[in-house]
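The following paragraphs guide a new reader through the structure, from a whole chain to single residues. Please keep the sequence and the model in view while reading.

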Number of protein chains: 2
Amino acid sequence: MPSRPTDAEVDRIFQALADATRRDIVRRVIGREQRVSDLAGRYEMSFAAVQKHVAVLERSGLVAKRRQGREQIVSPVVATIGRARGLLDELEALWRGRIDRMAAILQEDAAAAHAER
Amino acid sequence: MPSRPTDAEVDRIFQALADATRRDIVRRVIGREQRVSDLAGRYEMSFAAVQKHVAVLERSGLVAKRRQGREQIVSPVVATIGRARGLLDELEALWRGRIDRMAAILQEDAAAAHAER
DNA sequence: CATTTGTACAACCATTTGGTTGCATGTTAC
DNA sequence: GTAACATGCAACCAAATGGTTGTACAAATG
């Protein structure tokens, strides 16, 4: 999926990032791949709760799971972080565009004032 | 608030971005400041619904409102977008750190193999 | 084979979210 | 002053979230 993400995809990515536990899980699996139970051991909540968080992250594409025997290894999908960044970059580009347009208008005004003399 | 954002702040920012209508509102107000009713006119939903979206964006710090007579002017707060980007940058930096560590280990192995001969 | 371990999943619950309508209030225009 | 406009807010509703416990099952271990 190299093309522009759909609204629904972006919704899922930001939604997944909008929870401190899930952001922490992402950090951990970036540091090193983790089994679901490794992760579950780190938080105060139940195993099932952590498992659900991992499922949310997986649906968003921020992490991937691969089975290894009875274990499930969770690893990061850095490209998806990049997709989220791309969207923020786009917003910042829009902002710069606005600044540039404002600068251009100031230029014109200055030129007009100059011609008036 | 130049310091590291709290978890709760980051939660609110990503939560606010996790909705296509709200992302669109942010784009519009970046393009040009808008009154709440200007925005409301653009979407199929009720005025109150749009107003709520703006309120969510305001609480997250992505936009600011300033009153002008009876109108409320909504403008972007680009610094907050930067804060969200900062967090994604941090994740990508962690990833590069992992890559670097792996490269270092490969280096050591190569050196060891070399010494063995 | 029996047990433990790792994971998934269903059912349930409280809270939040995203929408609605209706009403209240302050501001501008006539 | 009255009417029209712009906004805010409360009450309500359905659906989604984030958590729980309990059950089921496959894989590793003794």
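**Charge, form and strands**

Chain A carries 21 positive and 17 negative side chains, and the centres of these two sets are 9 Å apart. Here Lys and Arg are counted as positive and Asp and Glu as negative, while His and the chain ends are not counted; each charge is placed at NZ of Lys, CZ of Arg, CG of Asp or CD of Glu.

This is a predicted model, in which local features need pLDDT of at least 70 and side-chain atom pairs count only at pLDDT 80 or more, whereas totals for chains, interfaces and linings use all residues. Residues are numbered from 1 along each chain as its sequence is written, chains are lettered from A and ligands numbered from 1 in the order in which they are written, and side-chain values use heavy atoms, with hydrogens and water left out.

Five helices and three strands make up the secondary structure of chain A, and along the sequence they follow the pattern α-α-β-α-α-β-β-α. Helices (H or I, at least four residues) and strands (E, at least two) are DSSP runs, numbered from the N terminus. The radius of gyration of chain A is 22 Å, well over the 13 Å that the globule rule gives for 117 residues, so the chain is more spread out than a compact globule. That radius is taken over C-alpha atoms, and the rule is 2.2 Å times the number of residues to the power 0.38. The C-alpha trace of chain A spans about 80 × 30 × 25 Å along its principal axes.

Of the 117 residues in chain A, 36% are buried, a term that means under 20% relative accessible area (1.4 Å probe, protein chains only).

Strands β2 (residues 63–68) and β3 (residues 71–76) of chain A run antiparallel and are joined by six bridges; two strands pair if DSSP finds at least two bridges between them. Within this pairing, A64(A) has S75(A) in β3(A) as its bridge partner. The hairpin of β2(A) and β3(A) has two residues between the strands, and G69(A) takes a positive phi near 65° there.

In chain B, three strands form an open antiparallel sheet in the order β1-β3-β2. Its edge strands are β1 (34–35) and β2 (63–68), each of which pairs on one side only. Two bridges link β1(B) to β3 (residues 71–76) of chain B, and R35(B) stands opposite I73(B) in β3(B).

Helix α2 (residues 20–31) of chain B contains T21(B), which is buried with a relative accessible area of 18%. Apart from its neighbours within four places in sequence, T21(B) is in contact (heavy atoms within 4.5 Å) with Y43(B), M45(B) and H53(B).

Key:
Buried < 20%, exposed > 50% of the residue type's maximum accessible area, 1.4 Å probe, protein only.
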